[in-house]
2 protein chains.
Amino acid sequence: MNTADLGLPVDVPSTALFTDQYELTMLQAALKAGTAGRRSVFEVFTRRLPEGRRYGVVAGTGRVLDAVENFRFDTDVLDFLAERNIVDEPTLKWLAGYRFSGDIWGYPEGEVYFPGSPIMRVEGSFAECVLLETVILSILNHDSAIAAAASRMSSAAGDRPLIEMGARRTHELAAVAAARAAYVGGFATTSDLAAGFRYGIPTVGTSAHAFTLLHDHERDAFRAQVDSLGRGTTLLVDTYDVAEAVRTAVQVAGPELGAVRIDSGDLLLVAHQVRRQLDELGATRTRITVTSDLDEYAIASLAAAPVDAYGVGTQLVTGSGHPTCSMVYKLVARAESADPQAPLVPVAKKSTGGKTSVGGRKWAARRLDADGVAEAEVIGTGEVPADLVDRQLLVELVKSGEVVAREPLAAPRARHAAARANLPLSATQLSRGEPVIPTEYVQGRSGS
Amino acid sequence: MNTADLGLPVDVPSTALFTDQYELTMLQAALKAGTAGRRSVFEVFTRRLPEGRRYGVVAGTGRVLDAVENFRFDTDVLDFLAERNIVDEPTLKWLAGYRFSGDIWGYPEGEVYFPGSPIMRVEGSFAECVLLETVILSILNHDSAIAAAASRMSSAAGDRPLIEMGARRTHELAAVAAARAAYVGGFATTSDLAAGFRYGIPTVGTSAHAFTLLHDHERDAFRAQVDSLGRGTTLLVDTYDVAEAVRTAVQVAGPELGAVRIDSGDLLLVAHQVRRQLDELGATRTRITVTSDLDEYAIASLAAAPVDAYGVGTQLVTGSGHPTCSMVYKLVARAESADPQAPLVPVAKKSTGGKTSVGGRKWAARRLDADGVAEAEVIGTGEVPADLVDRQLLVELVKSGEVVAREPLAAPRARHAAARANLPLSATQLSRGEPVIPTEYVQGRSGS
């Protein structure tokens, strides 16, 4: 399996067109004005968490690295831009040679974030950095929204495994990224074969109602499934009558039956009934999987029910009410030339209508209390206070255009579990509330 | 531009892996049981519209046709399935030769739909049809959700053009599909270059706040932009002080300035102020584009404001509160053999826990009142009543595996405008309500 992004399609030979047109027209105007080379710092951050959420989860960083690496303007793309008169000849020439040669720092994938956290920082010439805005935001806004929902669901599920099964509820490639983000957020497996192929996430699945309906009798369907997939399979028991189906299932598979799945009805009630019936039939080790319209609240409400695994679809891939984050990519500082020694000038939108931000190239650190629990997200410009130097959050991801921080997907998954565990306990309350730790701004000695 | 799906990625050489694992395990079990060849009819429908919505919009049909055409199991995919032991050897052999050879009928893209509408009907052997479930639902659920939001926004906008600019708020390839669905729903243009490349949708864009902040003075930025992009460009006027920026903009570009864009603040108030100021400065033909957090309600509230165009991002690509539809793909009838003459038996899930559906192979027609306005969505099995024969909704899309209904994207866009215009006037009310026409079920003489 190579590292090319699954999102790299045959018809768009690179990620360069996952870009809003204005990035290219700004480039053209800056090239002509002689300002395109000014050393610039862009930062990705969010002004607020989705309403009521206690923390955010950074996801998609690995995909961003793939996208940056594959961001180039091939002949097909250049021909398109020329034909449509989107940019002029000098700009096309410049784009033909484009490779990002700057630096990217960011919160490592799986880390939690808060309002104002500089989740990613992109530095280089204005020209090379501005082009990356759209694709970086697409990836981080989508993947982080899914991971945040996944994290809430996985804390609600405790030790019980979660199955991601939302492919049918979202765009077919968003589904693959969603399965990846869900894994980072704590899901165990996915139904999506492309996510298994691309990212090595364990895949699962046995049968749907159609399989029972295909056969003349439910018993025939169960027998066909057990004959082919073995007694350890999961039989779907709610096509006709659940109690009748459970009886038939154990008759066909014996007490070695792996699991039954319930996909409709009052799951709390039905799970108790099915558990009692399975136990009476001697199938005491047969597990119960539930899969009907679950979200983190439904999962929490089933904590005391005899449920062994949860399958989650719609609510996962739509971010459980928040299908996107509000991350933005803003120019926060720039020099007056390309000279690496030229001083950076902090910049920020100032109009009174909102959407203002804090200028300057930022660091971030998480301050801990005496018990080692997170107590504040500290963000500043200039020098990092001595007591926070070891608690800094940004790590180097791309150095002079070279990706330096690839990691297997198990790493952000473990990192997320650890970061969440290090937050105050109220972080995992599902009720609406404020961010679980405050964001504090510190002005260092040499601002910028 | 060829017809290969933009979603066709280098690393997944076909659409076959955009599939839940259980489709393949059902196939394996059915092959072994000798039931895989049973002639089957699957239908895509939705049990309800998103809460409060008056109608749904079918979108993604053209992408489904691409996905079906590209659904094949290449060596890479087969190797993956074998390595992971997802299916057995006979199933792998069967998959190696897979090409869909059945028939697909459906509502033409852009058509409106209601609860129960058989939006798509897939017929063939159980084996060949069941495999297509996940990717068909992914595409229709995503694209139709976006098109429904787009349709509400375009009816709220009236004759004023809508710009799709949500790429940064959703997965980078979902964004391309979203731009396509928005165009079907009535949007005029997109910011997404990949959507222009892939689907020929007109692209637009000029500059962001970063461009102003890059320069030492707002005036320098405006001059740079006008020098490069011409006086017809759109200048963004809310980086610092709006009134000052408008004055500078007209000084720099003259009254020929194409447009100004306002991206923050109280749009209603600011639009009036800016219009007055532009008129006083003699820039009476300079247009005003607004782009801040718009949805259909905000667009409607600006109907009386001097606004010339709307740019919509987040709320469009997240379906304005409903980021997915609840379309399902259900086996509704099957024969007891592969024989094309074998009678179809209607089937349906029957358990008491909800999610039941109506069995049988269905037709659908839209009944009109005396004035030619839609008054009911009529769905039935068996023979179509004589008075509805000419009002049938399903058209042939794939015949014996061959796509027979390709069309340029202008066709579903025009079709949607016509279909919406043919609904009762209350269809375009933005307030919550019931579906604008009822769904009626008719049992024909020879059911199934």
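Colleague: In which order do the seven strands of the open sheet in chain A lie?

Modeller: In this predicted model, side-chain atom pairs count only at pLDDT 80 or more, and local features need pLDDT of at least 70, while totals for chains, interfaces and linings use all residues. Residues are numbered from 1 along each chain as its sequence is written, chains are lettered from A in the order in which they are written, and side-chain values use heavy atoms, without hydrogens and water. Strands are DSSP runs of E with at least two residues, numbered from the N terminus, and two of them pair if DSSP finds at least two bridges between them. The pairing in chain A is antiparallel, and the order is β13-β12-β1-β5-β3-β16-β17.

Colleague: Which residue of β16(A) is the bridge partner of Trp105(A)?

Modeller: Strand β3 (residues 103-106) and strand β16 (residues 395-399) of chain A pair in the antiparallel sense over three bridges. The partner of Trp105(A) in β16(A) is Glu396(A).

Colleague: How many salt bridges does the rule find across the interface of domain 1 and domain 2 of chain A?

Modeller: The domain assignment, automatic or from a database, gives domain 1 (21-131 + 326-443) and domain 2 (147-321) of chain A. A salt bridge is a side-chain nitrogen of Lys or Arg within 4 Å of a carboxyl oxygen of Asp or Glu. Across this interface of chain A, the number found is two.

Colleague: How far apart are the closest N and O atoms of Arg180(A) and Glu109(A)?

Modeller: Arg180(A) and Glu109(A) form a salt bridge. The separation of their closest N and O atoms is 2.7 Å.

Notes:
Helices (H or I, at least four residues) and strands (E, at least two) are DSSP runs, numbered from the N terminus.
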